[in-house]
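Subject: Structure for you to look over

Hello,

I am handing over the structure we spoke about. Please open it alongside this message and check my notes against it.

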Amino acid sequence: MLLKSKKINFVWLCCLAIFAFSCSEGGDGDSSPQNDQESPNTPGGVSRLNLSQLNANDGVMMQAFYWDVEPKGEWYNIISSKIEDWKSNGINRIWLPPPSKGQSGFNSMGYDPSDYFDLGEFEQHGTIETRFGSKAELKSLIDLSHQNNIEVIADIVMGHNSGGGKQENPFRGGEEVYTLFNEMNGNASGKFNRTNEHFHPNDIHDNDEEALFFAETDLCHDQPYVREWLWERNDSFAEFLKDFGFDGWRFDYVKSFNPKYVKAWNDKVGGFSVGENFDGNGQVLKKWVEDSGSPAFDFACFYKLDEALDRHQDLTFLDRDMLRKIYPEQAVTFTANHDTEKDENPNNRISLANKLLAYAYILTHDGYPCIFISDYDNTVLNKKLQNLIAIYNGLATGAIKTLKVSEKEYIMQREGTTTNPGLILYMNIDRRANSFEVTSKWKNAQLLDYSGNVNEVLNTDANGVTTIKAPANSFAIWSLGE
């Protein structure tokens, strides 16, 4: 009986092995999980086009930080160690945290600016270096980035200050507030010293915008002195950063000051810019872009992705209002940032389970995508994100045509150019694999899924007709093979 039992177990093991082999090698791949992208599938002897030679786009931006980065004092060096990898994988800009010394000193993420001209050089607030490193280390990072043709974007916090000394504010009934900034009070550089007259309220008005943050130390940009030191003077903060090597600007919390000041900054020093207008209404973003003359983060797109993938599991939300649909050249799209990822409200972030679907959307559509460093460094997402960036840079070009929008399926075509085939994105959040007949411009051609999620070659007929496929709870990106 023992011998018989061993024979039965051996037979079962053989059957399981054969079944596992057939599952991995056979079938049309519709229900297979997303594959690792180190070696994208090339089924049937058909190969991917050389995406590096197609040049649909010039690159994507990397948000190169998250909240409370560690270890303190080493972040600039850590980012320097990543530059060559980012360059080889299609990054053309990096967005760094606010570089100036903040009230929290070595613990500051830069959003509590005290001395605008201290980039890790002066001993104040308990430290010489910032949380990210020294002034010399920042300069080394910028130089290395430029050697790799990567622009460096500074985060600009010009709505509010922190870390000054106390003084009475007559416009607050004599209340003592922290509005005295000089060499002895949080401004060791001695540049752009400030007093209560430079904050709100003052002899001009109570506030310039309604959305105040740190209202007691909200800078008044209608005061000529404030404008002069921030951007108008030839030795202003803006010129200081430009001379130091920064190539552009991310403006923090722009709801707290008039968009005309972003325009004035950019008119004076130039460079790429993007504003953080934290609003899910595409029309609000449209007006800000028009008034500021600057691109903006497409929070409308972000929230529509969250609603479509997480909150409602309904892809028809992708057919609604977004900045990229109004001004694609002015929309910086994203799926996560330092604020959304630390937000405990699930309605303010996209779940990890749906991150790749969200990235597949922004890395095939128009707009300028921004990748979040924590997603890129995630070992589960890394290779697949690298592949999606390559697809964006290689194939995401031409007019956008929506082929299908339903609760569970979203299909979009980038029509390409005379020298670029474009692509078809098929998003499927159904619990089963799905297919859909499309008429493409690719006649008598063979198509591959460049995402690697469907391991199959599709053939189009003389009219460009074929049936494309997408796995369950996943996506496929179809284009010409060779």
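What follows is a list of findings, going from the whole chain to single residues.

The model is predicted, so please read every value below as computed from predicted coordinates.

Overall

The chain has 482 residues, and 55% of them are buried. Its secondary structure amounts to 13 helices and 20 strands. Taken along the principal axes, the C-alpha atoms fill a box of roughly 90 × 60 × 40 Å. Of the contacts with a separation of 6 or more, 65% are between residues 24 or more positions apart.

Helices α5, α6 and α7

Helix α5 covers residues 224-232, and its buried residues are Val 226, Arg 227, Trp 229, Leu 230 and Trp 231. These buried residues pack against both α6 and α7.

Helices α6 (residues 237-244) and α7 (residues 260-269) also meet each other: their axes come within 10 Å and cross at roughly 45°. That angle makes α6 oblique to α7. The contact is formed by Phe 237, Ala 238, Glu 239 and Lys 242 from α6, with Trp 265, Lys 268 and Val 269 from α7. By class, four of the contact residues are nonpolar, three are charged and none is polar. The crossing of α6 and α7 is right-handed.

Helices α9 and α11

Helix α9 (residues 299-311) packs on helix α11 (residues 355-362) at an angle of about 135°, with the axes 11 Å apart. Here too the arrangement is oblique, and the crossing is right-handed. On the α9 side the residues are Cys 301, Leu 305 and Leu 309; on the α11 side they are Leu 357, Ala 358, Tyr 361 and Ile 362. This contact has seven nonpolar residues, with no polar and no charged ones.

An α-helix has 3.6 residues a turn, so residues three or four places apart point the same way.

Cysteines

How many disulfides are there? The count comes to zero. A pair of cysteine sulfurs would have to be within 2.5 Å to qualify.

Loop residues with contacts

Ser 134 lies in the loop between β4 (113-115) and α4 (135-147). Is Ser 134 buried or exposed? Its relative accessible area is 14%, so Ser 134 counts as buried, the limit being under 20%. Leaving out residues up to four places away in sequence, Ser 134 touches Tyr 76, Leu 119, Gly 120 and Glu 129.

Gly 280 sits in the loop between β9 (272-275) and α8 (282-292). With a relative accessible area of 28%, Gly 280 is partly exposed. Again leaving out residues up to four places away, Gly 280 touches Phe 299, Ala 300, Tyr 303 and Lys 304. The C-alpha atom of Gly 280 is separated by 9.4 Å from that of Leu 323, which is 43 residues apart from it along the chain.

Backbone points to check

There are cis peptide bonds to look at. One runs from Glu 70 to Pro 71, with omega near -5°; Pro 71 is in the loop between β1 (60-63) and α2 (75-80). Another joins His 200 and Pro 201, with omega about -10°, and Pro 201 is in the loop between β7 (175-180) and α5.

Asp 68 has phi near 60°. Asp 68 is placed in the loop between β1 and α2, and at 45% relative accessibility this residue is partly exposed. Asn 149 has phi near 55° and is found in the loop between α4 and β5 (151-156). At 58% relative accessibility, Asn 149 counts as exposed.

Regards

Technical notes
Residues numbered from 1 in each chain as written. Predicted model: local features only at pLDDT ≥ 70, side-chain atom pairs only at ≥ 80, totals over all residues. Heavy atoms only, no water. Axes fitted to C-alpha atoms, helices over the stretch in contact; angles between N-to-C directions. Helix = DSSP H or I, 4+ residues; strand = E, 2+ residues; numbered from the N terminus. Parallel < 35°, antiparallel > 145°, perpendicular 65-115°, else oblique. Left-handed = near helix turned anticlockwise from the far one by under 90°. Contact = heavy atoms within 4.5 Å. Nonpolar A, V, L, I, M, F, W, Y, C, P; charged D, E, K, R; others polar. Buried < 20%, exposed > 50% of the residue type's maximum accessible area, 1.4 Å probe, protein only.
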